[in-house]
Amino acid sequence: MTVLIGQLFTGVSIGAVLLLIALGLALTFGQMGVINMAHGEFIMAGAYTTYVLQQTISAAGWSLLVALPVAFVVAGAMGVLLEFLLIRRLYARPLDTLLVTWGVSLILQQLARDIFGSPNVQTRAPDLLTGNIALPGGITVANNRLFILALAASAVVALTVALRVTPLGRRIRAVVQNRDLAAVSGIATARVDRMTFFIGSGLAGIAGVALTLLGPIGPTMGTNLIIDAFLVVVVGGIGQLKGTVIVAFALGVLQASGEYLTTLSVAKVMVFIAIVAFLQWRPQGMFTLRTRSLA
Amino acid sequence: MTLFRGRRILAGAMTLVAVAALAACGSKTTDENTAAGVSADVSGDTVKVGLLNSLSGTMAISEVTVRDSIMLAVEEINAAGGVLGKKIEPVGEDGASDWPTFAEKAEKLIREDRVAAVFGCWTSASRKAVKPVFEKNKALLFYPVQYEGLEQSPYIFYTGATTNQQIVPGLDYLKAQGAKTLYLVGSDYVFPRTANKIIKAYAEANGMTVLGEDYAPLGSTEFGTITNKVKSSGADAVFNTLNGDSNVAFFKEYKSAGLTATSMPVVSVSIAEEEVKSIGTQYLEGQLTAWNYYQTTPGAANEKFVAAYKAKFGADKPTSDPMEAAYVSVYLWKAMVEKAGSFDVEKVREASDGITFEAPEGLVTVDGETQHIAKTARVGKVGADGLIAEVWNSGQPITPDPFLKSYPWAGGLS
């Protein structure tokens with residue numbers, strides 16, 4: 001029983017990590033339809049931001065807190081730059097966007113290598129986050145995992161609220177649902193696109209900060225994450241956040257239980273098979289957005 | 001329409017792959033035809049040697065330090081007049097933590113740069129990838145890292161420990177400490193899998209039980225489940241054969257789960273001083289490692305090595321076992337060449353038996369038959385200062401036995 005609950009928590013926390021890395025993508029790919037292969041490098045940028053801040057602010061706790069907004073802005077700014085320079089010229093050509101952003105991702109990886117060196121680096125976690133909380137029954141809950149879970153939850157809540165109630169959120173939804181009609185109604189769609197890209201990329205930066213609590217920071221960390229992120233968004237369904245949330249946690253728990261019963265590699269295979277089977281049954285993903293747009 | 005376009009792209013990609021495969025086959029045949037004609041270029045007043053280490057990717061954390069210590073040995077030898085009157089000219093290549101890249105760069109060093117010997121490789125996967133290249137071209141590799149044994153190549157000198165000089169003594173130590181149950185955690189490639197096969201055979205013969213074994217892909221950073229399994233097994237000790245910076249994620253998770261060196265000690269065979277520093281002493285204090293050398297190993301030769309390394313690369317840089325083995329390998333090669341009076345690979349090999357060197361770890365002797373070296377085994381404990389303090393040693397150098405022929409329990413392994 002203890003093991004079961006411990007494993008369930010591990011699954012949920014894997015889900016939280018998946019959710020954090022996929023949330024930004026759910027916005028840029030899910031809402032805007034841009035296949036941004038450099039999304040993983042925005043996560044890397046967030047992680048390196050944490051590292052740089054920790055070199056400047058030596059207190060691990062403060063540097064982590066400061067890193068959250070700074071990483072959001074750094075990654076967001078990179079996203080806006082990418083959107084402004086390249087992606088906005090390619091909105092009608094999704095396959096070219098894929099190639100271009102992949103190229104950008106390689107350039108960013110090399111840039112990270114040149115700036116920070118090829119070997120991976122680590123950050124120190126604040127003492128508060130290296131311990132654990134012991135629950136009755138011998139269950140321990142790791143503090144860093146709890147922090148990531150809370151961070152993922154607040155990111156989802158903040159994003160949902162922003163999309164539902166703010167004027168910007170209304171404009172984003174209008175553009176997603178019917179770009180032409182939004183444009184004739186006086187919405188500056190190009191500016192909305194840029195803001196959407198800023199928020200989506202910024203969320204990748206936040207994911208990067210969270211990942212420094214779990215493992216090393218390196219130039220190739222983005223490549224390892226981008227596939228998982230796309231899987232979550234594709235299975236969750238385009239144009240909806242709730243699909244992404246549900247699928248992230250479902251895949252996390254599936255991965256953790258599969259890994260517990262078999263081995264890590266077999267569990268990965270099981271997850272992939274489950275995804276393929278699911279997409280055969282529902283190619284459009286878990287939830288879809290019905291729109292009246294002609295595209 | 002999009003569907004058709006997709007198919008066309010797919011077809012294009014397939015063609016590309018097919019062409020690449022054909023090209024690869026083609027180049028292979030030409031290699032074989034001219035293989036006999038390659039020998040080291042020693043006509044000038046320098047002799048080239050190849051340095052093949054990962055300077056990028058998941059293994060760079062470890063391999064960069066090996067490159068540094070090889071460079072140190074090369075510089076020292078050059079300052080003292082070189083080898084057979086020739087200065088050593090190092091040619092560096094990056095294996096990029098990618099095994100085919102290692103094979104490709106090895107081929108380049110041997111055939112294009114025509115080096116007299118190559119020093120490098122860390123993971124067994126990279127060594128297995130380059131082994132056929134060295135055998136085909138009859139060139140020499142000096143491999144400086146502890147490994148899983150069960151291998152012997154006429155063109156490789158193994159200057160790190162084989163299993164009977166590291167893993168078996170490590171297990172002996174655990175047994176003496178009263179450990180009855182073990183949990184095995186490793187990276188998913190040839191070294192951890194073979195090492196764990198040996199550990200299981202040892203455990204069976206020595207009344208120990210292996211409660212579970214788990215593997216994570218190299219570079220994996222998700223250890224929540226593995227840690228849960230380890231914790232719930234209640235094993236007396238964990239034997240850790242993880243490589244590279246998966247160790248960072250594993251030990252962070254281990255500490256988060258409330259496991260400590262006193263509640264469940266971990267014996268690691270791939271964590272040396274450099275890795276302790278980057279994983280963070282806060283996660284490793286009190287944990288055990290099995291090696292043949294620590295920065296704290298006493299002796300004049302080690303004091304000189306540590307001082308020279310720190311003077312060149314910085315006072316905060318620790319020295320470690322693979323670095324020491326790499327440093328020693330250059331000196332052993334020099335001694336072999338001087339004894340042979342030639343850079344010729346076959347002559348160097350013939351001259352190798354019985355060569356000794358007063359290494360930082362103590363006296364080492366080359367065994368010409370297995371091309372391994374006799375080394376002293378050590379077990380150490382990570383201290384608060386990030387250094388490893390010896391808690392046990394074998395007292396004298398252990399003769400290398402890569403196929404564990406002298407251990408009856410290891411009969412079914414090779």
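Keep in mind that the model is predicted.

I'll start with one helix, H9 of chain A, which covers residues 189-211.

One of the neighbours of H9(A) is helix H6 of chain A, residues 143-165. The two axes are 10 Å apart, at an angle of about 170°. Angles over 145 degrees count as roughly antiparallel, so that is the label for H6(A) and H9(A). From H6(A), the contact uses A:Ile148, A:Leu151 and A:Ala155; from H9(A), it uses A:Leu203, A:Ile206 and A:Ala210. By class, that is six nonpolar residues, no polar and no charged.

H2(A) brings residues including A:Phe42, A:Ala45 and A:Leu53, while H3(A) brings, among them, A:Leu64, A:Val70 and A:Met78. The contact has twelve nonpolar and six polar residues, with no charged ones.

Now to the other chain. How many residues of chain B are in contact with chain A? There are 30, and they meet 30 residues of chain A. On the chain B side, the elements giving two or more residues are helix H2 (60-79), strand S7 (209-216), H7 and helix H8 (246-256). That side divides into ten nonpolar, 13 polar and seven charged residues.

H7 of chain B, residues 224-233, packs with helix H1 of chain A, residues 2-31, the axes coming within 9 Å and crossing at roughly 165°. H1(A) and H7(B) are therefore roughly antiparallel, and their crossing is right-handed. On H1(A) the contact residues are A:Val3, A:Gly6, A:Gln7, A:Thr10, A:Ser13 and A:Ile14; on H7(B) they are B:Gly224, B:Thr225, B:Asn228 and B:Ser232. This contact has two nonpolar residues, eight polar and no charged.

To close, two contacts side by side. H6(A) with H9(A) has six nonpolar residues and no polar ones, whereas H1(A) with H7(B) has two nonpolar and eight polar.

Note on methods:
Residues numbered from 1 in each chain as written. Chains lettered and ligands numbered in written order. Predicted model: local features only at pLDDT ≥ 70, side-chain atom pairs only at ≥ 80, totals over all residues. Helix = DSSP H or I, 4+ residues; strand = E, 2+ residues; numbered from the N terminus. Expected span 1.5 Å × (residues − 1). Axes fitted to C-alpha atoms, helices over the stretch in contact; angles between N-to-C directions. Parallel < 35°, antiparallel > 145°, perpendicular 65-115°, else oblique. Left-handed = near helix turned anticlockwise from the far one by under 90°. Contact = placed C-beta atoms within 7 Å. Nonpolar A, V, L, I, M, F, W, Y, C, P; charged D, E, K, R; others polar.
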